[in-house]
Amino acid sequence: MERPGAVGGKRDLNRRKRVQDLIDAGLTLFLARGIEAVTIDEVAREAGMAKGNFYRYFRDKSDLVEAVVEPVAETTRSALAACHKQLSEVSDRAQAVTAYAELGNRLVGALAMYPDAMCLYLQERRAPATNARQAISDLANDLDQRAMALSQVAVDKQLVQITDPRVSALAVLGAVDALALASVRNQVQLDPVETTKGLISIVLEGLQK
């Protein structure tokens with residue numbers, strides 16, 4: 001795992017390219033056949049290299065899956081953290097609506113920037129938690145917890161009147177997941193503006209009294 005050569009040098013750039021080639025190959029195969037069905041041999045072959053070279057850059061398939069979904073993990077966690085901070089500081093419903101609207105915009109931005117990685121996460125997030133899927137399972141659990149924490153803040157701020165914030169949070173998150181997956185699969189033909197509006201309207205349902 002040691003970085004060869006100076007950062008930005010030829011050896012470092014070659015290493016980065018091979019890592020990205022493996023990530024791209026893995027993502028292509030995972031989307032087509034599912035994570036569990038794909039072997040390291042196939043990933044290496046798709047990337048145009050020998051199986052032995054795979055282990056120069058990744059420990060195993062779970063390590064590769066983690067690299068594939070890392071951009072999704074970073075952007076979604078950041079978006080929910082920012083919304084949580086903003087929602088904790090609101091003083092009225094209008095400000096809360098703004099906080100949720102910004103969350104919707106950031107989620108759509110993640111969809112636009114990483115559609116294939118987002119599609120893989122959405123396809124696999126409810127599958128059994130195996131070693132290869134560990135990064136996806138961990139992210140799914142984390143996002144569920146963050147969504148429930150958002151609903152709890154809304155209850156604490158008396159923005160919503162619900163008995164169990166967890167139920168509301170998971171219902172909204174499930175709806176967002178379904179819309180996002182349909183969007184990246186091109187099952188719904190929405191431009192980015194309309195997709196943003198759709199996601200925001202779903203999130204804001206949680207604010208209705």
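Is Cys-83 buried or exposed, and what relative accessibility does Cys-83 have? In this predicted model, Cys-83 has a relative accessibility of 2% and therefore counts as buried, since the cut-off for that class is under 20%.

**Cysteines**

- Cys-119 has a relative accessibility of 7%, and because buried means under 20%, Cys-119 counts as buried.
- The structure holds 0 disulfides, a count that rests on a cut-off of 2.5 Å between cysteine sulfur atoms.
- Cys-83 is one of the H4 residues that meet H5, whereas Cys-119 is one of the buried residues of H6.

**Packing of H4 against H5**

- The axes of H4 and H5 lie 9 Å apart, and the two helices pack at an angle of about 175°.
- Angles over 145 degrees count as roughly antiparallel, and H4 and H5 are therefore roughly antiparallel to each other.
- From H4, the residues that take part in this contact are Thr-75, Thr-76, Ser-78, Ala-79, Leu-80, Ala-82, Cys-83, Gln-86 and Leu-87, and they meet Ala-96, Thr-98, Ala-99, Tyr-100, Glu-102, Leu-103, Arg-106, Leu-107 and Ala-110 in H5.
- Sorted by class, the contact of H4 with H5 has 11 nonpolar, 5 polar and 2 charged residues.

- Helix H6, which spans residues 115-124, is mostly covered, with 7 of its 10 residues buried.
- The buried residues of H6 are Ala-117, Met-118, Cys-119, Leu-120, Tyr-121, Leu-122 and Glu-124.
- Among the elements that cover these buried residues are helix H4 (61-88) and helix H5 (93-113), together with helix H1 (10-33), helix H7 (134-156) and helix H8 (165-184).

**Aromatic cluster**

- There are 2 aromatic pairs by the rule of ring centres within 6.5 Å.
- In one of them, the rings of Phe-54 and Tyr-55 have their centres 5.3 Å apart and their planes at 80°, so this pair is edge-to-face.
- The rings of Phe-54 and Phe-58 have their centres 5.7 Å apart with their planes at 40°, so this pair is tilted.
- Phe-54, Tyr-55 and Phe-58 form one aromatic cluster, in which Phe-54 and Phe-58 are both buried.
- Phe-54 has a relative accessible area of 0% and is therefore buried, whereas Tyr-55, at 41% relative accessibility, counts as partly exposed.

Notes:
Residues are numbered from 1 along each chain as its sequence is written. This is a predicted model: local features need pLDDT of at least 70, side-chain atom pairs count only at pLDDT 80 or more; totals for chains, interfaces and linings use all residues. Side-chain values use heavy atoms; hydrogens and water are left out. Buried means under 20% relative accessible area, exposed over 50%, partly exposed in between (1.4 Å probe, protein chains only). Helices (H or I, at least four residues) and strands (E, at least two) are DSSP runs, numbered from the N terminus. Contact means heavy atoms within 4.5 Å. Rings of Phe, Tyr and Trp (its six-membered ring) pair if their centres lie within 6.5 Å; planes under 30 degrees apart count as stacked, over 60 as edge-to-face and the rest as tilted. Axes are lines fitted to C-alpha atoms, for helices over the stretch in contact, and angles run from 0 to 180 degrees between N-to-C directions. Angles under 35 degrees count as roughly parallel, over 145 as roughly antiparallel, 65 to 115 as roughly perpendicular and the rest as oblique. Ala, Val, Leu, Ile, Met, Phe, Trp, Tyr, Cys and Pro count as nonpolar, Asp, Glu, Lys and Arg as charged, and the others, Gly among them, as polar.
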